[in-house]
Amino acid sequence: MDSTREPKSLSTNLFYLFLLLSTNLLTLFLSSTFYSSSCSLNPISTTTTFTKSSSRSTNGFDGTGNPDTPQATIDLPSEFLAFSSGQVLPLGFNANFDSDTFHPSVGQACTRFPDELSRFMTYKVNGSCPDDELSAQKLLLKGCEPLPRRRCRPAAQPDYVEPYPLPTSLWTTPPNSSVVWTAYTCKDYTCLINRKKTQKGFDDCKDCFDLQGRESNRWASRQIIEGSLDFTIDEVLAAKNPGTIRIGLDIGGGVATFAVRMRERNISIVTTSMNLNGPFNNFIASRGVVPLYISISQRLPFFDNTLDIVHSMHVLSNWIPSTLLHFLMFDIYRVLRPGGLFWLDHFFCVEDQFLDVYKPLIESIGFIKLKWVVGKKLDRGAELREMYLSALLEKPLKNSW
């Protein structure tokens with residue numbers, strides 16, 4: 001009896017095994033036929049719309065402080081959708097992501113400016129990008145940060161030459177061929193160097209490109225003047241044990257003279273800068289230090305408790321909404337290691353603002369005050385009650401959390 005059942009049982013098992021393999025192969029065939037491969041280089045060609053609904057709050061405003069936006073349908077560029085849509089991971093679920101899908105990061109506000117976004121994302125895939133630095137930067141500063149990636153080659157000078165070698169590059173004006181000048185009023189470095197003398201109106205860091213002018217002396221003095229707003233680098237470094245300040249960040253660092261000074265002391269500094277009517281990022285890189293093209297709205301791209309020093313001169317001031325400034329100050333605290341230094345260099349405001357808003361805001365972060373100097377800004381008249389704060393603040397070495 002038992003021997004007659006064995007062939008039947010074996011046949012049944014083989015049949016089920018064949019059935020299982022067949023269904024798996026059929027599933028693989030159907031999935032590869034009806035779903036686009038994650039390795040495909042073809043742009044999305046279908047028309048897709050994005051529905052934007054209002055986010056209501058108790059005061060009738062959305063999270064940006066703007067009135068509730070009525071529901072609208074926005075056509076988004078196919079290349080934007082190709083980049084920003086969730087992408088299924090080729091190897092399936094990833095425990096690090098806790099997901100089987102990768103969602104590329106893109107600025108929340110990108111879809112609020114569909115016309116500008118469409119211009120930015122319209123190009124020939126695998127071809128040359130449009131020469132659109134100025135409009136792209138405006139889109140970024142409106143909140144589309146980070147900008148979506150593109151599949152095209154950026155504009156570049158056809159006669160580019162190798163940069164000057166270190167250390168020559170640190171204090172030498174780069175060749176004009178290192179920059180695509182389309183976005184700027186000046187079309188060469190000679191114009192930028194002389195623009196404080198020849199150009200009317202305001203430009204950000206108007207005399208910064210003149211390395212033989214004020215930049216040649218900035219932060220370099222060996223003399224410490226008690227009560228001065230102008231701290232020196234050596235004065236600040238003396239606040240810590242020798243060699244313990246090694247890496248850091250300069251927020252809105254112009255042409256990166258601060259980073260160059262620190263490099264001369266074997267300290268590595270990354271400099272954030274925008275290109276506001278000048279090729280600041282190109283200039284920084286040509287000098288041989290690292291530029292970082294982000295605005296003050298962007299979360300600092302460093303892990304918690306890692307940097308020895310953060311510096312910022314003039315950029316952090318009363319032009320920034322106080323809530324955004326509060327977030328930014330806490331982000332600086334976040335990336336500094338315990339015992340790290342925050343050098344707030346010439347913070348600008350008026351006296352009433354300082355007492356009512358900015359002094360309590362800064363004091364709420366949790367820094368220890370090592371130096372705190374307040375001085376009047378008198379170049380436009382004392383009646384305006386304008387002032388500066390220069391402060392050297394330390395994240396507590398113990399119990400910083």
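Which strands does α10 lie across?

Analyst: α10 lies across β9, β10 and β11, and it runs at about 170° to β9. Those angles go from 0 to 180 degrees between N-to-C directions, with axes as lines fitted to C-alpha atoms (for helices, over the stretch in contact). The element names come from DSSP runs numbered from the N terminus: helices are H or I with at least four residues, strands are E with at least two.

A quick word on what you're looking at. This is a predicted model, where local features need pLDDT of at least 70 and side-chain atom pairs count only at pLDDT 80 or more, while totals for chains, interfaces and linings use all residues. Residues are numbered from 1 along each chain as its sequence is written, and side-chain values use heavy atoms, with hydrogens and water left out.

Now the sheet under that helix. It's an open sheet of 7 strands, ordered β7-β6-β5-β8-β9-β11-β10, with mixed pairing. (Two strands pair if DSSP finds at least two bridges between them.) The edges belong to β7 and β10 (368-376): each has a single partner strand, so one side of each has no neighbour in the sheet. From one strand to the next, the twist averages 15°. On the β10 side, β10 and β11 pair in the antiparallel sense over 8 bridges, and Lys 371 has Leu 392 in β11 as its bridge partner. Over at β7, α8 packs on the sheet, touching β6 and β7, and its direction makes about 160° with that of β7.

The largest nonpolar core has 30 residues, and Val 310, Ile 332, Phe 342 and Leu 344 have the most contacts inside it. A nonpolar core here is a set of buried Ala, Val, Leu, Ile, Met, Phe, Trp, Tyr and Cys residues joined through side-chain atoms within 4.5 Å. Buried means under 20% relative accessible area, exposed means over 50%, and partly exposed is in between (1.4 Å probe, protein chains only). The elements giving two or more residues to this core are β5, β8, α9, β9 (336-350), α10 (351-363) and β11 (386-394). α9 gives the largest share, 6 residues. Take Ile 332: leaving out residues up to four places away in sequence, Ile 332 touches Ile 251, Leu 300, Val 310, Leu 316, Phe 342 and Phe 367, where contact means heavy atoms within 4.5 Å. There's also a second, separate core of 25 residues, including Ile 233, Val 260, Ile 309 and Phe 348.

An α-helix has 3.6 residues a turn, so residues three or four places apart point the same way. Arg 334 counts as buried at 13% relative accessibility, and Asp 331 counts as buried at 10%.

Asp 308 bridges to Arg 246, with the closest N and O atoms 3.0 Å apart. Asp 308 is in β8 (residues 307-313) and Arg 246 in the loop between α6 and β5 (247-251), so the pair ties together parts 62 residues apart in sequence. Asp 308 is buried at 0%, whereas Arg 246 is partly exposed at 44%.

To finish close to where we began: Lys 369 forms a salt bridge with Glu 363, with the closest N and O atoms 2.6 Å apart. Both are partly exposed, Lys 369 at 40% and Glu 363 at 36%. Elsewhere, salt bridges that share partners join Glu 351, Asp 352, Lys 376 and Arg 385 into one network.

Definitions and conventions. Salt bridge = Lys/Arg side-chain N within 4 Å of Asp/Glu carboxyl O.
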